[in-house]
Amino acid sequence: MKRKFLQFLIFFALIPAFSTSVYGYVAGSSNYRIQFDSVNFGGGLSNSATYYQESTFGELATNINASTNYNLKSGYQQMNTVAIAISAPADITLSPAINGLYGGAATGEAGWNVRTDSSAGYTLAIKASTDPALQVSASDYFSNYTVSGSVPDYSWSVSASANEFGFTPEGTDIATRYKDNGSACNQSGGSDASDACWDAISTSNVTIASASSGNSPTGATTTVKFKAEVGGTALKSAGSFSAVITLTALAL
Amino acid sequence: MKNRHFYFFFVLFLAVAFFFFSPILSFAENDLLNVNLTVDFSCNNNGECAGNETRDNCPNDCKRTSQGNKPNPVRGCTDPEAVNYNPNADIDDDSCQYSAVPNVSNFSASVNGQDISLSWNNPSNSAGFTFSAVRIVRRTGFFPSGPNDGALIYDSSGENATDSGLSPGTYYYAAYARNSRGEYSSGAVTLGIISPAEKEDEDEKRCEGENCEEDNRGEDPFENFPLVDAKLKQLCGYFCPFKFLQKGKIINFSGIEVPVNGDTELTILTSYDTLPEVLKTIGVTIFDQTDKKKSYSFVLRVDDKKKAYAAVISPFLKTGRYPIAIHVFDYKNQRISRLKGVLVVRASFVKIMWAVIKKTAAPVAITAGMGAGAAEGLFFASKVNSLYDAYLILIRFLGTIFGAVGLKKRRLPWGTVYDSATKRPLDPAYVSALRWGKEYRSAITDLDGRYGFLLPPGIYSLEAKKTHYKFPSQKLSGRGRDEMYDNLYFSGEITVGEGELISRNIPMDPIHFDWNEFAKDKSGYIKFHSRRELVRARIFNGVYVLGFITACLTLIFSPSFFNIGVIVIYLSIVAASVLWRRKHKVVQVKNKISGEPIPFAIVRFFMAGVNEEIKSVVTDELGRFYQLLRPGDYYLTVEERQEGDTYKKIHQSETLHLSSGIIQSDIVIMPSETI
């Protein structure tokens, strides 16, 4: 009976320990929060004129381990701060307005600055909230851009009888899929020609930029250019079309 | 045992809790962005219907009705009430005309004392217009404004009238052509001036020795009215706002020269809305291209629907440059504008060419073609060796026609005129029966060289004529018969009794043919004749084809019963030729080994079983002959001409069953045949 009581007590005593883990800190008051702690026999912050070192003694098998599918940070020091921030540009209006009787194209762009101090870097993905992305309603819309192959089109091309909406990302961190060699896209180690490598926006996240190291404090800006076109013989009725685009920055 | 179970589940619980409640090791941030686009839908209103523009979405640019939009708009008259309404027109180009009655042409007046003689030419009927009559009215002071404005002078379908017993003064006449529906043309105008007697005398003195009638002709009647210093606002081009139309379409031009098709009516019009309301009359004067003193005037009259001022002028027909003047009058009869230019009248190239062909070449080609076709097809061509022969054949043909219709008695042929060297009958040859040295009767031999006379009892002599032949024959002189004919005639008197017939066979010597020379170079001769015959056939057939084509073109451009008849004649010639050749199948006698024909051979036909000679014929220079027998069984022999005017029998056929009386295949003779 007594033993059972003790077991029960231990069980419930451990719950708060795990509870604090849910909140991301191990101790706190109204004035502070301790994010992580460690029980060990030594360590602390050391520094000189030329270095800062924070060390912890007494932990075993500490390291950052990674594979294709996971990153494992073992040890107190690996639990340092991983922060990511993404700017929020204002909504854009494609211009000029298109005359649906005669056809035409409209363009616009927005830039997102992603800042992370994750030493593993980040990814930036884009998706639309609807399919097709640019629409007035489910029956009045611009079709998503038709890519001629499996990789983005180097040059924008819409047939005379079609109305389409697409995008292209530009920046130093753009994904290989949007890098070009002057005539084709998806070129590893390629360049980033302006107004090249046009793709369709889907309702699933598509990675448009990534880095393998932190870029804090400056961050990296990825500009996404949007374009819509009404073909010469397509005939588009008048209306106010809109697309809700979601950019997701993920620290690795 | 129980403790082990407890600690196992406890650790398991911790592990599950660890994974569920562990803090997230990665962070993500996202941002939502609205991308907006405005699409509008507006027409450019540029007056052109293009692309996706339709009458429904861009009515200012597209004027089509139910056919939808067109990228290249058609300009024309879009008013369904107009006579030249174009249902395919997208954009109205102010060419709508509402009356298509052409005016009379050459309307003129000449003064003779107290009378004014009027003359004109009525317009011809055309598609959409049937001429009915001309109504002429007269006014003083100004031209009549309509068919009922003024004194009626004439209303009929003639081309002249006289207005008699007039007092001195200026008289304005307007002639209105009327169609079968009672609609009137805009009016042709002219004027006549009756001078006072003393002035008339002066005029006579002045123009003594000249044609005084011309004093009142050739002036522009509109020039008699003062031209005030007022100009029409020129909106476009020199003649603007006037338009010149032919076949409902506006003639495009720049400058003062208007190109006009002389084969088509010309309409001069202007939209009612483009001219001020104060206007009263628009007059047009066209001057003769060669004599500026001659002129013909018209007025542009507003139609009943008040949509346009228009005048329709009959086709000019003659090409040339016709000076033109357009006068615009206000309600005070003052001219406020005068425009001068030139109508350059041309005929279409095809019409010019056709006029030349029709006038000159066509009749010659058609006639020659007929003649050539008949001659070659009916095998006459080979018989014509001179113009005289052609003449004789023509005379004989006419004689046959007359005989067929009973206008001329047919004579039964009894004698044969033939070539003394080749024994072939001569066709045609002219045979005369002379009495007391003068020609009493004449005949032309038929295809088989035969002639016949039915003479009253008396004493006659015969004479035969043919180009390149000599009569009487020297060659057979003194002989009563030869291998082919008996009862030969050379000269001398023939006594004809009651009911007797002359049945003498007349040999004639060829002038340019020598049998010995011929025999020496038979192959060359045959080749020469074959080639000559081929060339002749090609020429004749070529002329026939050319004539037939010309006849067809004539029928296309000038359809008439006569031209249809010509085509029928051409086709009949072909049909007759085919029938003739079927009935007169030409067969050839030739050497089987060398293939060479056997010329001037005598072919005799015997009735099988009876061994009686029925007919004989001599082959021509190419070994050919034709013979028509009664259907039956025959055999034939061939006698080849030898030197010394003798003949040698070289072939006798087996019995031939000629169901149609015609030998169908050539007679091929082995040289080694023994008879």
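**Close-up 1. Accessibility of B:Glu183 and its salt bridge with B:Arg181.** In this predicted model, B:Glu183 counts as partly exposed, because its relative accessibility is 36%. The side chain of B:Glu183 meets that of B:Arg181 in a salt bridge, with an N to O distance of 3.2 Å.

**Close-up 2. The salt bridge between B:Asp620 and B:Arg624.** The two side chains meet at 3.1 Å, N to O. B:Asp620 has 7% relative accessibility and so counts as buried. B:Arg624 likewise counts as buried, at 16% relative accessibility.

**Close-up 3. A salt-bridge network formed by A:Glu170, A:Asp195 and A:Lys225.** These residues of chain A are joined into one network by salt bridges that share partners. One of the pairs is A:Lys225 with A:Asp195, whose closest N and O atoms are 3.1 Å apart. A:Lys225 counts as buried, because its relative accessibility of 13% falls under the 20% cut-off. A:Asp195, at 42% relative accessibility, counts as partly exposed.

**Context for the close-ups.** Over all chains, a search of the whole structure finds 18 salt bridges. Among them are the pairs B:Glu183 with B:Arg181, B:Asp620 with B:Arg624, and A:Lys225 with A:Asp195. In general, side chains of opposite charge can pair when their charged atoms come close.

Methods
Residues numbered from 1 in each chain as written. Chains lettered and ligands numbered in written order. Predicted model: local features only at pLDDT ≥ 70, side-chain atom pairs only at ≥ 80, totals over all residues. Heavy atoms only, no water. Salt bridge = Lys/Arg side-chain N within 4 Å of Asp/Glu carboxyl O. Buried < 20%, exposed > 50% of the residue type's maximum accessible area, 1.4 Å probe, protein only.
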